[in-house]
Amino acid sequence: MLAFREEEFRRRVDKATETVRQILHRTRSPVYAADAEHSYSDKFVLCNILVRLALGSVFHSLSVAGISNQDLATLVEWSKEATVGLRLEARESCRFVQDTSRERKTSETRITGTVSNQVFSQSTKIVTKITEYEWAVEGRWRLTAFRGVGSDETDLINLMSQNFSRSVITGSKSNPRFDSHVFPNLEVDISWLLQHLSGPDGSVDFEINREVASCCTPRRNKDVNDALFCTSMLSAWCASVRAFFADQVFAIATLGLEADKRPDVLGISTEGVFVPVVPLFVKTLDAGDVGQLVFTPTDMTALLDEQQRSLTARITAVGSTFPETPDSVITTSAVRLCIIVDHLRDIIVQLHQGVDYVEDMLRKQLFAAIGKEISAQDFASFRRFHDRKFFCDDMQPLPFSYAVRRSPLHSPEGQIAVEEQAGGSGSGMREPVFTHVRQGVAAAPMKFSISAATTVRFMGQRSLHAWLRHDFSGQAAPAVQLCARARQLSSFIVLVGKIASADTFEPTHGMIVQNKDEIRVPLAISTIPTPKEFKDAISSLSPE
């Protein structure tokens, strides 16, 4: 779904708030959740209500589409044993009927004159012969609810259907549509939605489980994520259904018609339909009455009733502009289905934006309490401060910044460091990373090859570093660089590679740093998998 856009979201909620205010008692005023004093638990209750209102609105919309209470009870029973979905199937054919010819006078010229005192008159007519070809376009679409794969009629419940035919006149004998075509079925799984239906009247049973460890916030938890995922699938199906009608059915309705005679398909919209999924709290205006902060079950029933009433009224109003004739392609059924799928998308968008609004409200409250947005660099500074208390002097993390020198008796030739840069690769301060390090003097030489016949052996100080890095989701990770700096009139060699064995180093890259050079090499950082992640990754491999 779309990212949270507060301005657009508030514009839709402000429009719905006027309807909510009319439904509630005059002593109760709906306000944005951020404008009412509430507790952290109230945010969970608000997300519960948003999901319940969204699912209730979906079922009320499906009832307008043709699902009766008995059909709904059957679907709920099916969902206990198998998957249940919605399916739109359609087919179309176009056959040649006849051709007719007619003549059309395009111009006429009359010449009158006098020759030898005699009056004469001459006229010229241009007649064009036009051949018109008549085609019969026939089609059918059907919306059903199905169990499993829906291969048997006992596993199907017919919701809506339409057979249509239309005569089309063209100027050529090429088929304007398909000889015969069966469109791919459009299907969506609604089992999760049905499993949260608690009654045939459309009442919904949904509750966020706060006891599980995966429940982080009112927005970031498994229950809400499942609701958003399933409704996203439904929204994508609705978009596909709407595109099918716009590209196929409506195209047939306007085929061969002049612009001023085409039906107004742009009027098939959800304008004026009430969407009750609003993140509002209720303030009591009477001074002596504390009241309830969230919508009561009675309030929710009233909101859903208004949603169903406004949806039915819109379908009736738009359907009246498309009269039923023998050649009608856009009928009341087509109008009803198009408006319903558009309305379902509005509901789902409002649900996603509503729970994102609660999360955004929580973030803003945290920022206001702390005074700033905590970044990974802030947390690293916090950790370094407490590391001074937790670790003894010999185990303290040290900055990865070391002088390069031939021996302790010589002056440094330069510096080698690993630095991270906040704010991307082009801005922000660069600081050495802090690592846990184990240092020692080499007891045996190591070697590396610079050619097939030449091997270099080296001793010196050796260090093993461990770096603990923290990243925050939603924030860009700092850029990490290997930095080599040489002093004036000094030089040294930097080799980058891997340790192949206890005494062998395999360099993959090398560079000479000299005379005030400063070289920065970006490092690609990879995270070491946890034991569980590693175990899961190799679980399907052969033990051999």
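What follows describes a predicted model, beginning with a pair of helices and ending with a sheet.

Two packed helices are described by the angle between their axes and the distance between the axes. For helix α5, which spans residues 222-254, and helix α7, which spans residues 332-370, the axes come within 9 Å and cross at roughly 150°. Because angles over 145 degrees count as roughly antiparallel, α5 is roughly antiparallel to α7. The crossing in which α5 passes α7 is left-handed, and the residues that form the contact of α5 with α7 are divided by class in the table below.

| Class of residue in the α5 contact with α7 | Number of residues |
|---|---|
| nonpolar | 17 residues |
| polar | four residues |

Burial can be followed along another helix, α3, which comprises residues 69-79 and in which Leu72, Leu75, Val76, Trp78 and Ser79 are buried. These five residues lie on the same side of α3, because they cover an arc of only 160° around the axis.

Strands of a sheet pair through backbone hydrogen bonds, either parallel or antiparallel. In this model, three strands form an open sheet in the order β8-β12-β15, and their pairing is antiparallel. Strand β8 (398-399) and strand β15 (461-466) are the edge strands, each of which pairs on one side only. Strand β12, residues 434-441, runs antiparallel to β15 and is joined to that strand by six bridges, and Val437 stands opposite His465 in β15.

Terms used. Residues numbered from 1 in each chain as written. Predicted model: local features only at pLDDT ≥ 70, side-chain atom pairs only at ≥ 80, totals over all residues. Heavy atoms only, no water. Axes fitted to C-alpha atoms, helices over the stretch in contact; angles between N-to-C directions. Helix = DSSP H or I, 4+ residues; strand = E, 2+ residues; numbered from the N terminus. Parallel < 35°, antiparallel > 145°, perpendicular 65-115°, else oblique. Left-handed = near helix turned anticlockwise from the far one by under 90°. Nonpolar A, V, L, I, M, F, W, Y, C, P; charged D, E, K, R; others polar. Buried < 20%, exposed > 50% of the residue type's maximum accessible area, 1.4 Å probe, protein only. Arc of directions from axis to C-beta. Pairing = 2+ DSSP bridges.
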